[in-house]
Amino acid sequence: MACRTERAKRELIRVVRGAGTGELSVDLRGKSSGRGAYLCADTACLERGLAEGSVARALEATIDEPTRERLRAELASALTQRTT
Ligand SMILES: [Zn+2]
């Protein structure tokens, strides 16, 4: 858990580091294999996790700026796809 906020699991999104590729991505269905970090489904939580380094620690990965941008974009599109 990269975020300390307690939330129901359905409200969380998972960032996963792909087992083979090492590529980071937002895992919408929570089914991708690999090391994962859970964040609240909002952009502020992602930003905090990136800034504090908790996401990088949870994933045991170094997150460079292009990857950060991609994760932001993937989360943003994931949130707009939610119809709740
Ligand atoms: Zn959070």
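Analyst: The secondary structure of the chain comes to 3 helices and 3 strands, where helices (H or I, at least four residues) and strands (E, at least two) are DSSP runs numbered from the N terminus. Along the sequence these elements follow the pattern β-β-β-α-α-α. This is a predicted model, in which local features need pLDDT of at least 70 and side-chain atom pairs count only at pLDDT 80 or more, while totals for chains, interfaces and linings use all residues. Residues are numbered from 1 along each chain as its sequence is written, and side-chain values use heavy atoms, with hydrogens and water left out.

Of the 84 residues in the chain, 35% are buried; buried means under 20% relative accessible area, exposed over 50%, and partly exposed in between (1.4 Å probe, protein chains only). Contact means heavy atoms within 4.5 Å. Of the contacts in the chain with a separation of 6 or more, 58% are between residues 24 or more positions apart.

At its start, a side-chain oxygen of aspartate 42 reaches to within 3.2 Å of the backbone nitrogen of alanine 44. After H1 comes glycine 53, which has a positive phi, near 85 degrees.

In general, an α-helix has 3.6 residues a turn, so residues three or four places apart point the same way.

The axes of H1 and H3 come within 10 Å and cross at roughly 160 degrees; axes are lines fitted to C-alpha atoms, for helices over the stretch in contact, and angles run from 0 to 180 degrees between N-to-C directions. H1 and H3 are therefore roughly antiparallel to each other, given that angles under 35 degrees count as roughly parallel, over 145 as roughly antiparallel, 65 to 115 as roughly perpendicular and the rest as oblique. H1 passes H3 in a right-handed crossing; a crossing is left-handed if the near helix is turned anticlockwise from the far one by less than a right angle, and right-handed if clockwise. In this pairing, Thr43, Leu46, Glu47 and Leu50 of H1 meet Arg68, Leu71, Arg72, Leu75 and Leu79 of H3.

Leaving aside neighbours within four places in sequence, glycine 34 is in contact with Arg14, Val16, Arg17 and Ala19.

The loop between H2 and H3 holds glutamate 60, which is exposed, with a relative accessible area of 55%. Phi of glutamate 60 is positive, near 50 degrees. Alanine 61 is found in the loop between H2 and H3 as well, and touches Arg17, Leu24 and Ala56, not counting residues up to four places away in sequence.

Technical notes: Polar contact = N/O pair within 3.5 Å; in protein donor to acceptor, adjacent residues only side chain to side chain.
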